[in-house]
Amino acid sequence: MNRRELLRDVSIATAAASLVSSAQAQVPAAGINVLIAYYSVTGNTEKMAQGVAEGAKTVSGTSVVLKRVGEVTAEDLLSSDAVIIGSPVYFGNMAGEVKTFFDNWLLKFDFFREFKMRNKVGGAFATGGSISNGKEITMMAILEAMLINKMIITSAGGTFGFGASATTGPDSPGIDEKELAAARDLGKRVTEVAGVNKRGLAQVQ
Ligand SMILES: Cc1cc2nc3c(=O)[nH]c(=O)nc-3n(C[C@H](O)[C@H](O)[C@H](O)COP(=O)(O)O)c2cc1C
C-alpha cells in the first residue's frame with residue numbers, strides 16, 4: 001500500500017469511527033435486549049457470563065437475560081437484539097450442549113429456514129483449562145454458527161480480539177481480573193453495537 005492509499009484508508013476509518021460514535025450517542029435510552037447464554041459445569045464460564053452481563057448493563061436502558069443454553073426458549077432468542085454465547089472448551093471446540101443449542105435453531109426452533117436470527121448482533125466467549133488448546137477455535141465456531149444464521153458478529157477487539165476468554169487450568173487457575181474485564185468489555189461493546197444496529201434497522205424497516 002502506498003502513502004496515498006494509506007492516508008485514504010485512515011481517513012475512511014476515522015470517518016466511520018466518528019459515525020459510529022455519533023450514532024452511539026443517539027442510541028435510544030431504552031430497549032436493547034441482550035441474551036447471554038452459556039454452558040458451565042465447574043463455574044468458570046458462568047463467572048465470565050456474569051461479567052458479560054455486568055458490561056451489558058453499563059449501557060443505559062439495557063435488559064439482560066442470563067441463562068444456561070438448555071433453558072433458552074425460542075422467545076428469548078426472538079426478542080433479543082444481541083446474543084452472546086459462552087462455552088467451555090471441550091477437546092478443542094465448543095461443548096456438545098452449546099452445539100446442540102445451535103443445532104436446535106434449526107431442528108427445534110426452525111429459525112434457520114426463514115433466518116429469524118437475521119441482523120441480530122452476536123458475540124462469543126470461552127474458557128479453557130490450557131493456555132492454547134482451543135479457546136479461539138471455540139469462539140470462532142460460535143461466531144461461525146451466528147454468521148450462517150445471518151447475524152452480525154462483533155467483539156471488544158484489542159487483546160481479546162475474538163470475544164472474551166479465560167485460561168482456567170493450573171497455569172492460571174480460575175478467572176482473573178483481566179479476564180473478567182474482557183468479559184465486561186465484550187458485554188458492553190456488543191450491547192453498544194446492538195443499539196446502533198437497532199436504531200439503523202428502525203430507519204430502514
Ligand atoms: C470433557 C472436557 C474436555 C476438555 N477439553 C479441553 C480442551 O480441549 N482444551 C482446554 O483448554 N480445556 C479443556 N477442558 C477444560 C475446560 O475447558 C475448562 O476447565 C473450563 O474452564 C471449564 O468450564 P466450566 O468451569 O464453565 O465448566 C476440558 C474439560 C472437559 C470436562
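Reply: Threonine 138 sits in helix 5, which spans residues 135-148. Helices (H or I, at least four residues) and strands (E, at least two) are DSSP runs, numbered from the N terminus. The model is predicted: local features need pLDDT of at least 70, side-chain atom pairs count only at pLDDT 80 or more, and totals for chains, interfaces and linings use all residues. Residues are numbered from 1 along each chain as its sequence is written.

Me: Is threonine 138 buried or exposed, and why?

Reply: A residue is buried if 20 or more other C-beta atoms, placed from the backbone, lie within 10 Å of its own, exposed if 12 or fewer, and partly exposed in between. Threonine 138 counts as buried because it has 28 C-beta neighbours inside 10 Å.

Me: Which residues does threonine 138 touch, leaving aside those up to four places away in sequence?

Reply: Two residues are in contact if their C-beta atoms, placed from the backbone, lie within 7 Å. With that exclusion, threonine 138 touches Ser87, Val89, Asn93, Met94 and Ala126.

Me: Where is aspartate 110 found, and what is its phi?

Reply: Aspartate 110 is in the loop between helix 4 (96-107) and strand 5 (121-128). Its phi is near 60°, a positive value in a residue other than glycine. Aspartate 110 counts as exposed because it has 12 C-beta neighbours inside 10 Å.

Me: What is the phi of lysine 150?

Reply: Phi of lysine 150 is near 65°, again positive in a residue other than glycine. Lysine 150 belongs to the loop between helix 5 and strand 6 (152-153). With 13 other C-beta atoms within 10 Å, lysine 150 is partly exposed.
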